[in-house]
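Me: I'd like to learn how to read the features of this model one by one. Could you walk me through it?

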Amino acid sequence: MFSALDHQMMARALRLAEQGLYTTTPNPRVGCVIVKDGQIVGEGAHLKAGEPHAEVHALRQAGNLAQGADAYVTLEPCSHHGRTPPCADALIKAGVKRVVAAMQDPNPQVAGSGLQRLQAQGIAVQSGLLEAQARSLNAGFISRMTRRRPFVRSKIAASLDGATALQNGISQWITGPEARKDVQHWRAQSCVMLTGIGTVLADDPQLSVRDEAGELQGRQPLRVIVDSHLQISPQARILQGGNALIVYGSASADRIAALCQHGVELMHLPDHQSRVSLDSLLELLASRGINEVMVEAGATLNGALLHGGLIDQLILYYAPKLLGADARGMFGLPMLQSMAARIDLDITDMRQIGRDIRLLATPHSPQP
C-alpha cells in the first residue's frame, strides 16, 4: 500500500513535527513534507498556536512546485476555520495530486472531513502510514479530544528495591545528574506539573523547567497542587512567580482568604469525602486546553491516581542503590487480597541514563 519513499517522507514529517514538542499546546504537533518527482520541494512544522500550520509552511516553501506533488502530513489536514484557515483548502488551491496522512484528526470538528474534502476535489488520499508514531507524538491532544482529559505521566525516582525516600523523608538525591537532566525534557513538553501537598510540605519544590542550555524553548508548565485542606503556605516556592493553581476539597474561610490575598488561584473540587476529586481535576484541566500532565508526587497521590486508573504512562528512574525495607515506597495502594487485583505494566522502553535505568511503562488491568 505504501512505498519505501512514502515511509521515508512520513518519517521526515514526523521529525519535523517534533520541532513543536515544547511549543504547540493546546494544538497538536504536526509536520508536513511536499514531494515532487521523488524530491522534497517543501517542508514545515506547526510551532505555535495561532501561527501557520505545517502545511502552510511547506506549501510556501514549495511554491509552484506544489502543483501535481504529493503531500505527507502527520495529522489529517484541518477542514475548519480556527485561528487559521483550513489546511485542506490550502492543499486544494496549491494543486497537490495526493495527500498521505499518518492518522485521522481526533478533533470532532475535523474527524475525517479534511480527507473527505480533499477526495471530493479529486485528490488521491491515503492514511495510516506510521500511525503509531504519530499517535505517540500527540498522545495528549488525542486524549483530550477523545476522553476529555489530558494524558497523564507520572515520573518516579526510586532505588532498585522500590524506595523513593528514607523513612524520615530524605530523598535527595536518589538518581544521578544525567537522570535529573533528562526529567527536564519531560517537564518541558508537559502543560501541567502536578504534585500533592505532602511533597510540597516535605521538599518545598519549585517544579519548574531548568533549561540551562536553552534547549527547551523557555517553557514553564502550569503548576497544580492537590491540597485537600489548604495546608500550603503562601510562601511556598511552588507559588512564587504565579502560574500555579491549588485545588482543594474543604478549607476554612480564613485559609481561603489568606491565599487569595497573595493572588493564588484556588479551585474547589471536592469528592464525597471532601478530598479533591481527581477525575474532576483532569476534566477541568482538559477544559483549559491542557494536553499533557506530568506528576511528580509522593506515594499518596501516585497511589490514588494509579488506583483510579488515571495514569497513562509511568516514567521510572531506577538508581543502583538499596534503601531498605523501612524506606518509603512508590505507591500508596490498598492492600491486595489476591493476585487478580494486581496492576500489570507493559514496558515500552528501557535505557540507561548515566548510572540509572529509565523505564517507560503503561499500566493496565490484568486479563481475567
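**Reading the sheet, the helices and the loops**

Me: Which residue in β9 is the bridge partner of V224?

Reply: L245 in β9 is the bridge partner of V224. Before going on, some ground rules. This is a predicted model, in which local features need pLDDT of at least 70 and side-chain atom pairs count only at pLDDT 80 or more, while totals for chains, interfaces and linings use all residues. Residues are numbered from 1 along each chain as its sequence is written, and side-chain values use heavy atoms, with hydrogens and water left out. As for labels, helices (H or I, at least four residues) and strands (E, at least two) are DSSP runs, numbered from the N terminus.

Me: How do β8 and β9 run, and how many bridges join them?

Reply: Strands of a sheet pair through backbone hydrogen bonds, either parallel or antiparallel. Here, two strands pair if DSSP finds at least two bridges between them. β8 and β9 run parallel, joined by 4 bridges. β7 and β8 also pair in the parallel sense, over 5 bridges, and M193 has R223 in β8 as its bridge partner.

Me: Are the faces of β8 covered or open?

Reply: In a regular strand the side chains alternate between the two faces of the sheet. In β8 both faces are covered: L222, V224 and V226 are buried on one side, R223 and I225 on the other. "Buried" means under 20% relative accessible area, "exposed" over 50%, and "partly exposed" in between (1.4 Å probe, protein chains only). With 5 of its 5 residues buried, β8 is therefore largely enclosed by the rest of the structure.

Me: What order do the strands take in the open sheet?

Reply: Read across the sheet, the 9 strands go β10-β9-β8-β7-β11-β6-β12-β14-β13, and the pairing is mixed. β10 (265–268) and β13 (344–353) are the edge strands, each pairing on one side only. From one strand to the next, the twist averages 25°. For the antiparallel sense, look at β12 (residues 313–319) and β14 (residues 356–364), which pair over 5 bridges. There, Y318 stands opposite I357 in β14.

Me: What does α10 touch on the sheet?

Reply: Contact means heavy atoms within 4.5 Å. By that rule α10 packs on the sheet and touches β6, β7 (192–196), β8 (222–226), β9 (244–248), β10 and β11. Its direction makes about 165° with that of β8. Axes are lines fitted to C-alpha atoms, for helices over the stretch in contact, and angles run from 0 to 180 degrees between N-to-C directions. Helix α11 (residues 299–307) packs on the sheet too, touching β6, β7, β8, β11 and β14, at about 110° to the direction of β7.

Me: At what angle do α3 and α4 pack?

Reply: Helix α3 (residues 87–94) and helix α4 (residues 113–120) pack at about 20°, with their axes 9 Å apart. So α3 is roughly parallel to α4; the classes are under 35 degrees for roughly parallel, over 145 for roughly antiparallel, 65 to 115 for roughly perpendicular, and oblique for the rest.

Me: How many residues of α6 are buried, and which ones?

Reply: Helix α6 (residues 139–147) is mostly covered, with 7 of its 9 residues buried: A139, G140, F141, I142, S143, R144 and M145. The cover includes α5, β6 (151–159), α10 (278–287) and β11 (292–295). Just after α6, R148 takes a positive phi of about 60°.

Me: Is D37 buried or exposed?

Reply: D37 is exposed, with a relative accessible area of 74%. D37 sits in the loop between β1 and β2 (39–45), and its phi is near 55°, a positive value in a residue other than glycine. L130 also has a positive phi, near 55°, but L130 is buried, at 18% relative accessible area.

Me: Where does UniProt place the "active site" feature?

Reply: At E55, according to an unreviewed UniProt entry. UniProt positions are given in the numbering used here, feature names are shortened, and annotations may be inferred rather than shown by experiment. E55 lies in helix α2 (residues 54–62) and counts as buried at 3% relative accessibility. Leaving aside neighbours within four places in sequence, E55 is in contact with C32, V73, L75, P77, C87 and L91.
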